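My notes follow in the order I looked things up.

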Amino acid sequence: MKNCTLLKQLEISTTTHILDLIHKTSSKHHLSDLQTQQISQYYKQPPSINSFLELYSLSMLRCDCVKYQQIVDEINDQIHAFFQTQTPLIQKIMAQERKSQPEPEPMQIEDDEDQNNMNNPDDPIQQQQLQQEDPQQQQPSQQTNVPCSQQQQPANTQQTTQPSQSIEDEICIPNSVKLKYRRINNGPSEKEAKCDNCVCQGKPPSESDNLIQCLLCLNYLHFNCIAKSKESFDKCYKDLEFVCPPCVLKYMDHFNKIQSALVPPSPFQQMGQINHKAFNFACDKSIINIRCVRQENKTNCEEITWPDIGELFLNQKKIQDFKPLINNHSLKKRKDDHILTTEVLPQNCLQIKECIPTPDQRSQYRISLGHLYFLGVYSIEQFNSKQLLDNVFNNSENWMNIEQCQDFISLYLNKHQADDIKVDSLTVQLTCAITFNLMNTPVRGSFCQHIQCFGLENYITAMYSMQPRKWRCPLCKKKLFTIQVDAYQYAILNTIKKCDIQVNEITFDNNGQIVNENIQKLLCLDNLPNYAIKNNNRMINLEMLSNETNNIFYKLQIIKNKESVNPPVYSNTLQNVINNMMLSSNQHLRSNSYANFYANNYYINQMKIQQQARMEEQQKLQTNKSKIGQNHDSAIIIE
Ligand SMILES: [Zn+2]
Ligand SMILES: [Zn+2]
Ligand SMILES: [Zn+2]
Ligand SMILES: [Zn+2]
């Protein structure tokens, strides 16, 4: 592809130029070799570039050190200036990208994909849709689904397995899969920016509000409402998997499913010498569940945690005493659990007190004060193991569909390839890690980044008797907010059981296809619920693999419509977008997010405006010159 070549050409000259810039600027500021080397580390040569817009954003140095910020800013300005000198080449690349790229415009992804589907009679999704209208044909369509998507991919298969692939091919393949799950996020809408679901229940907005987005519910919260005040927004860890306290509380225990919040998640924190808060709530249920989390590190809460020392009262009656652990206690952390109580009235008052310890208590016990807590009271639906199992299995939202499962494997292998480890196949165990029998329902957590599953049945049985229950993935230990059933591995397990094939592991290729041809041929989707084959479920782990960085931080910018000259306002906006982009990109993985694309659209537009302004200025200058000349001439004539 010619476009890739031009882009590659620019990429190489950019790299050379940037390395040169770093050295020139460093020596201008009389930096030592070591310091220069440190600054060089802020420039990570991009691993693979798909477009000019990516090249531009990935070329900027990302500095995490205040000491070098000024010099890095200076270098970035010069990189920006360098790109401006490359305008003719960039315009050529951009023009070719517009023409040749199958990639849809950022804002129109869904529309374009729909159109593609319409044009492609072999598309498995469309077949599915067509045949769903005709219920009698549903069975055969399920069986052709997988082989059909395989037929679509022979070109890919050849390219990815050829050892002597060109750079262009390597760059262009994963994009179609990657783009499918990339979450376009251009910051909150006007309504979302009101933060109605924040723990403050939507306080009046102020100009200094910074927002943070929950990866699970996608709601925006005020950064200051969920972070300890001493944590500055700019210094907060940049690639956080942020889950808001309301979600953490909500998905705390799958055996006690939340029906509604009687007291919505509310913050409480020690102020001076007291931490005492009362909540009034009405209730028509016979049992309530009281949950409390403590903000442990930066912005995330994890497990149920009550104050180290304190008391909980319901309707003036003490229902819980919180006693701190003695200093030499063998437990690392006190085993806090949520509180179930049936002593509930139509009108209730719940009071929580965090006590101030005496100096004696302070020296003998582990007491940590001043934390930010979030407390919520809920009405719940209680499940036993069998009910929970059915509940997970029968909820269509928990299923990662076949296509998503295959894409997950592609994205996973693609990611590990980028780390310079050559991986073109992946083997997962089909047996349960606990019993070594074949799994029944293969699951993982919605935040898990691994293809390997664990068996839902054994996991639920083990969790049921655990007190307190810490719902975490047994493989990667990430919190298990929601459970994800892998439809593909479920189908494979069903097939090998039905056909009595003696295997306990399965290998997938780059495209997520089963390497064992026998199993691939026999693969049968008969026992799968319809929604497991095709659904529109949002898969957070696929999104995270596609986005490469979680853009969850936003500076709320209240842009005032002053009647001022256009250019300064424009460059301000550009600067803001780039700032946001820098803020949300992490220092190890370079951001490929759409925020960059928007930033760069501004950049291109700004270049055009500047060019136009320059031309107009020159024209003015020339007309002025000729006017002056005329006057001068006429003056001579008069003399
Ligand atoms: Zn430093
Ligand atoms: Zn708030
Ligand atoms: Zn949330
Ligand atoms: Zn996991």
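**Entry 1**

I started at F313, which stands opposite Q351 in β10. This is a predicted model, so I kept to its limits: local features need pLDDT of at least 70, side-chain atom pairs count only at pLDDT 80 or more, and totals for chains, interfaces and linings use all residues. Residues are numbered from 1 along each chain as its sequence is written, chains are lettered from A and ligands numbered from 1 in the order in which they are written, and side-chain values use heavy atoms, with hydrogens and water left out.

For names, I take helices (H or I, at least four residues) and strands (E, at least two) as DSSP runs, numbered from the N terminus. Two strands pair if DSSP finds at least two bridges between them.

β7 and β10 run antiparallel and are joined by five bridges. On to β8: β7 pairs with β8 over five bridges, also in the antiparallel sense. I found F322 in β8 as the bridge partner of G310. The β7 and β8 hairpin has two residues between the strands, and N315 there takes a positive phi near 50°.

Is β7 (residues 310-314) mostly covered or mostly open? Mostly covered: five of its five residues are buried, where buried means under 20% relative accessible area, exposed over 50%, and partly exposed in between (1.4 Å probe, protein chains only). In a regular strand the side chains alternate between the two faces of the sheet. I checked both faces of β7: G310, L312 and L314 are buried on one side, E311 and F313 on the other.

**Entry 2: the whole sheet**

I then traced the open sheet, whose four strands come in the order β4-β10-β7-β8 with antiparallel pairing. Its edge strands are β4 (275-282) and β8 (317-322), each pairing on one side only. From one strand to the next the twist averages 15°; axes are lines fitted to C-alpha atoms, for helices over the stretch in contact, and angles run from 0 to 180 degrees between N-to-C directions.

At the β4 end, eight bridges join β4 to β10 (residues 347-354), and the two run antiparallel. There N275 stands opposite E354.

**Entry 3: the cores**

Which residues have the most contacts inside the largest nonpolar core? I get F281, I290, W306, L350 and L375, in a core of 56 residues. A nonpolar core here is a set of buried Ala, Val, Leu, Ile, Met, Phe, Trp, Tyr and Cys residues joined through side-chain atoms within 4.5 Å. β11 (residues 372-382) gives the most to this core, with seven residues. Domain 2 (256-382) and domain 3 (387-547) both contribute residues, so this core lies between them; the domain bounds come from an automatic or database domain assignment.

I listed the contacts of W306 (heavy atoms within 4.5 Å). Leaving out residues up to four places away in sequence, W306 touches, among others, I290, L312, F322, I352, Y373 and L375. A second, separate core has 55 residues, including V443, W471, A487 and L525.

**Entry 4: ring pairs**

I searched the whole structure and got 14 aromatic pairs. Rings of Phe, Tyr and Trp (its six-membered ring) pair if their centres lie within 6.5 Å; planes under 30 degrees apart count as stacked, over 60 as edge-to-face and the rest as tilted.

Why is the pair of F255 and Y464 edge-to-face? Because the planes stand at 70°, with the ring centres 4.9 Å apart. F255 sits in the loop between α13 (245-250) and β3 (256-269), Y464 in helix α17 (residues 456-464), 209 residues apart. F255 is buried at 2% relative accessible area, whereas Y464 is partly exposed at 39%.

The pair of W306 and F322 is stacked, at 5.0 Å centre to centre and 15° between the planes. W306 is in the loop between β6 (300-304) and β7, and F322 is in β8, 16 residues apart. W306 counts as buried at 2% relative accessibility, and F322 is buried at 5%.

I also noted one aromatic cluster made of F255, F454, Y459, Y464 and W471.
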